[in-house]
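I opened my notebook to look up a few things in this structure. Here are my entries, in the order I made them.

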Amino acid sequence: MAMALRLYLLLIVFVSSAIVSFSLYEDQVGLMDWHQRYIGKVKHAVFHTQKTGRKRVIVSTEENVVASLDLRHGEIFWRHVLGTKDAIDGVDIALGKCKESCLDVPNTVFAFTLMYHRSMLRAWNLPDGQMVWETSLHSAQHSKSLLSVPVNLKFDKDYSILVFGGGYLHAVSPIDGELLWKKDFTAEGFEVQRVLQPLESSIVYVLGFLHSSEAIVYQIDSKSGEVVAEKSKAFPGRFSGEISAVSNDKVVVLDSTRSILVTISFVDGEISFQKTLISSLVEDSGEAEILSPLLSNMLAVKVNKRTIFVRVGDQGKLEMVDSLSDETAMSDSLPVADDQVAFASVHHEGSKIHLTVKLVDDLDTVLLRESIQMDQHRGRVDRVFINNYIKTDRSNGFRALIVMEDHSLLLLQQGAIVWSREEGLASVTDVTTAELPVEKDGVSVAKVEHTLVDWLKGHILKLKGSLLLASPEDVVAIQEMRMKSSGRSKLTRDHNGFRKLFIALTRAGKLFALHTGDGRIVWSTLLNSPACARPSGISLYQWQVPHHHAMDENPSVLVVGRCGSDSSSPGVLSFVDVYTGKEISSSDIGHSVVQVMPLPLFTDSTEQRLHLIADTDGHVHLYPKTPEALGIFQREFQNVYWYNVEGDDGIIRGHGMKSSCAGETADEYCFTTRELWTVVFPSESEKIISTLTRKPNEVVHTQAKVSTDQDVLYKYVSRNLLFVATVSPKGAGEIGSVTPEESALVVYLIDTVTGRILHRLSHQGCQGPVHAVFSENWVVYHYFNLRAHKYEVTVVEIYDQSRAENKNVWKLVLGKHNLTAPISSYSRPEMFTKSQSYFFPQSVKTIAVTSTAKGITSKQLLIGTIGDQILALDKRFVDPRRTLNPSQAEKEEGIIPLTDSLPIIPQSYITHSLKVEGLRGIVTAPAKLESTTHVFAYGVDLFYTRLAPSKTYDSLTDDFSYALLLITIVALVAAIYITWALSEKKELSEKWR
Amino acid sequence: DDSEGLLLIYVFFFLSPGSKKDLETRLLAIDDNLRTTTMAPILRSTPLVALLVLQISLLFFASTLPISSGSEDSNTITGRVRIPASTAIGHAAKFSNIKVVLNGGQNISFLRPDGYFTFHKVPAGTHLIEVYALGFFFSPVRVDVSARHHGKVQATLTETRRSLTELVLEPLRADQYYELREPFNVMAILKSPMGLMVGFMVVVVFLMPKLMENIDPEEMKRTQEELRNQGVPSLSSLLPASP
């Protein structure tokens, strides 16, 4: 009895210690996980190469990142990820000498990066990225913003940084960000177009248009902000707003007909216009467009898919000097040497790109001409930034930073690509998984362990390491061995399913396959389409996953894209082979894409999944368009239902299939639908903020849940459940904009076949944003409680009441149970729910749940916090059966005593000391080994790890010491022999006696 | 230097009401010159802190004044994060990576070298401020910005429900993300399941014969007879017969 008690206590100890189920030793970092840092598509780039030492480039990107990159290797020195709404309008470097004492370091060259975004001007220290100062400027929506930093800035009060934003011109001191003066330009109809400050001049010119038909130039004293002079002149006609500043006193603007270029010169404050017809410059003229590069005394105009260079003469006379094909990207002009200004242009020719650097004044003088072999899957060149350096022979050398169509960033120097960064991966939109090819016989497998001796040596090292007897060199050797070990980066499937591919679709429409072992890019494909040049990718589906039949076919994924940004623009389907990355086929489907529905369990003989695509007209289209697929679909025609959510109107509609489409354009794969039900939320009190369903491929191991008192609960497991969260319209805004009395959060569980509301739960005084996760028979959602002013997490578990009577053994024996009765959405469900709420001390960006192959392993919630970390929280912490004082039996079952808030255990951050900057989503996928799940998180950064929520109970860990096992066996064998010999001896001596 | 070692974050909250006159801006320019000279000693010498706190606060109050302007409900919240000197090994690196988040991501701010952060154009209402720094866990702060009384601010730590008059925040803990490897320990090995099993085996191997010796040989023989009669193969038959 005592023994049993002791064993039981021991069990309790094990159970309680097992709560911290994810934890990592510092030396295990990088064994199962990898982390990749990105910045996104570069918008602006400023080089800093003047000083000897580290050469760097400051970039700002479309992912709202400001970063300093090493120009030699492309590594990130530092970076800052701003909020999702904080788009960066400009970035520049201010360099200068400190005359007076500034920031404790007098008389040193001090440099920082200036960044203007959402009415904030921030200065960052160039070497380490520490913020030096920030200034809030006047803000207004939908207004241009311009940042102007004087060249060779000196750090005293006389020089200022000019920022135009929100209708105000601000002068900011570079020393501490103090606002020196500001000038209001918010007059009705007035729009500031350019702010110019000639070198060595204290006058700032502000040029703007009044009602697009009158040009006004203000001359402002840069020290005081006083308006010195103001001149205006009416223009007969209207300006289009496209403008290019060609020199300190001239701008060229396009008029509203887009056929006349107007040169506005404002020498000494006098405004004069000079009109030039574009047709007088080029013969085949059409609608023109002024391109953005800033060139001195020249402008680039795009007419009829050609780029023409127009020189602006002293008197404002325009003449065409050169023309290039359309596929040309140009840089801003760059001062090279004594009054010479150069610019770079890049154009494509076959698989090569040609980089040309010319002088602006003399286009025949080519300073540099280089041809570089370029990967076709990077697309066209989008942007070019150039920088010069002095070579050893005193001539000018150029390096060019180019941004490609797939968002990748490359540095070209001396005819070669010095480094490249796959910045497309910073904007992943959808992720799916794919298997690697099976290892075939005859294919030579790279030997993992060379010889037995090496193998043993390695394990002895490991043993030393685990006993903490290893010397520092040994530790290094162990770490190196672990990183290389077990062929984790091989390109074949493994027995445990640890090696997989994550297929990521990026905003640029490029598909990447990432290896789970080391995170390298196995292949990448830029999607093409016959209909349009570059379709934008929407979503990614598994198209063909051969496992029973069609084993010789390669698996493939379906990429649904669209030509254009509008939801009614025609869709494009691409099929990509997962093994090779080749685009098998691509088709323009001729209708829009609103919703893509993979049909569960429906596959044809080649294991292609059947998909339905709904368009804007309310029709659905079946894919693949084969007679076989049509046959399969028509068999289940009456059982296909779908729903759509109209978030703005607060309506959820359920649809069923009706008939084939009528009309001449329709084919037999198009079907009309009928509306079966609608759920309308009252618009004055409820607004839909979140909807969620279960993952269609989720596996549930058992339907029954046996509780401690021998009671059985049956989970209500239905694929047709929709979780909807609504909030009062007032509470739809940010925290702090509403009082607790004004806001209420209501959650619903709706059956999507019948439209029946199965459960409704109201939280008074709460508001969104709601982040939820739906798995098996439970939903966990995170929201903000305004009364407590804390975040809350609620769990709702749904159980089936109709099966609850099947407890009696006799009923089961006599077959009087209803367990084999088919489950149908039409049978009136008798269900009950259990729910419980807890406080959670952090804002959340996304929540996911682990998924395993058979669904036996207990689950963990993966909570992506606003600090860009991912916390693994055991599902047992969000169990509605938790009570304040669990009984002994409940404790035995593993029920944790109820606490009012969920614990944050630092060791259970799966990202450990890393951050997945700009975290947007977490994807989980099961490995073949039941205990293990793959976790892939994406945002600006990428992070992957392998998790075992209940520890690896079905395999030995990597730490398992084979050497210890071997030594033990050897020692045992030796001991047997020795004792055998001894006993022989003893027996002999006894016989002699 | 006690205050340096404490895990404290001092957050001073100041609110400045709407539109201000140019006159005040002029005054500020003088104040700003003062700041550049006074800030350096504050960071180094602690005895001066008490004396200068008022001055700093005034300076910050002042420096925020020209920034907030426009509509009535744009207020400015200024606070300070102080990293404990004792635990900050990569001090500078950590410092530049700290983010201060207003209302769950509505606004993100960074720290200046002196640890101050500012949120501009905050409307009146109840707000939530969170500090994210790798290696530390901070309690979110509930901040009530009063619409009627300018400058009246109530701040509460939501985790501990502690109300703050001067808004002095204590980070709840320093986070350790890794398990610590236990040094080699004989006891730990003995306590492990393997160790327990080995121990049990040792007990059986070495102590059982000792127990056997204590049994009276006569009794032993009798028991053996009994067992033999029952026909059950017994353990004693495997043992060497006593001489």
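**Entry 1: a bridge in chain B**

I looked up G125(B) first. Its bridge partner is V145(B) in β8(B). Strand β6 (residues 125-132) and strand β8 (residues 141-145) of chain B run antiparallel and share five bridges. I count two strands as paired if DSSP finds at least two bridges between them. Strands (E, at least two residues) and helices (H or I, at least four) are DSSP runs, numbered from the N terminus.

Next I followed the whole sheet. It is open and has six strands, in the order β4-β3-β6-β8-β9-β10 of chain B, with antiparallel pairing. Its edges are β4 (107-110) and β10 (163-164) of chain B, and each of these pairs on one side only.

I noted the ground rules here. The model is predicted, so local features need pLDDT of at least 70 and side-chain atom pairs need pLDDT 80 or more, while totals for chains, interfaces and linings use all residues. Residues are numbered from 1 along each chain as its sequence is written, chains are lettered from A and ligands numbered from 1 in the order in which they are written, and side-chain values use heavy atoms, without hydrogens and water.

**Entry 2: a covered strand in chain A**

How many residues of strand β36 (residues 501-506) of chain A are buried? Six of its six are. Buried means under 20% relative accessible area, exposed means over 50%, and partly exposed lies in between (1.4 Å probe, protein chains only).

I then checked the two faces of β36(A). L501(A), I503(A) and L505(A) are buried on one side, and F502(A), A504(A) and T506(A) are buried on the other. In a regular strand the side chains alternate between the two faces of the sheet.

The neighbours came next. Strand β35 (residues 428-434) of chain A pairs with β36(A) in the antiparallel sense over six bridges. There, D430(A) stands opposite L505(A). Strand β37 (residues 510-515) of chain A also pairs with β36(A), antiparallel, over five bridges. In that pair, A504(A) faces F512(A). The hairpin of β36(A) and β37(A) has three residues between the strands, and G509(A) takes a positive phi near 80° in it.

**Entry 3: salt bridges around these strands**

I used one rule: a side-chain nitrogen of Lys or Arg within 4 Å of a carboxyl oxygen of Asp or Glu. It gives 29 salt bridges over all chains.

K510(A) pairs with D406(A), with the closest N and O atoms 2.5 Å apart. K510(A) sits in strand β37 of chain A, D406(A) in the loop between β32 (396-404) and β33 (409-413), and 104 residues separate them. Buried or exposed? K510(A) is buried, at 1% relative accessible area. D406(A) is buried too, at 0%.

K500(A) and E435(A) also form a salt bridge, 3.5 Å from N to O. K500(A) is buried because its relative accessible area is 8%, whereas E435(A) is partly exposed at 24%.

**Entry 4: one helix, two sides**

In helix α5 (residues 627-635) of chain A, the buried residues are A629(A), L630(A), I632(A) and F633(A). They cover an arc of only 165° around the axis, so they lie on the same side of α5(A). The arc is that of the directions from the helix axis to the C-beta atoms. P627(A) and R635(A), on the other side, are exposed.

**Entry 5: where the chains meet**

The contact (heavy atoms within 4.5 Å) takes 63 residues from chain A and 52 residues from chain B. The area buried between them is about 5000 Å², and carbon and sulfur atoms give 53% of it. Buried area is the accessible area (1.4 Å probe) that two parts lose on being put together, summed over both.

I found two salt bridges across this interface. K99(B) bonds in this way with E917(A), the closest N and O atoms being 3.2 Å apart. E917(A) also meets K915(A) in a salt bridge, 4.0 Å from N to O. Both K915(A) and E917(A) are buried. Which residues make up the network of salt bridges? They are K845(A), D868(A), K915(A), E917(A) and K99(B).
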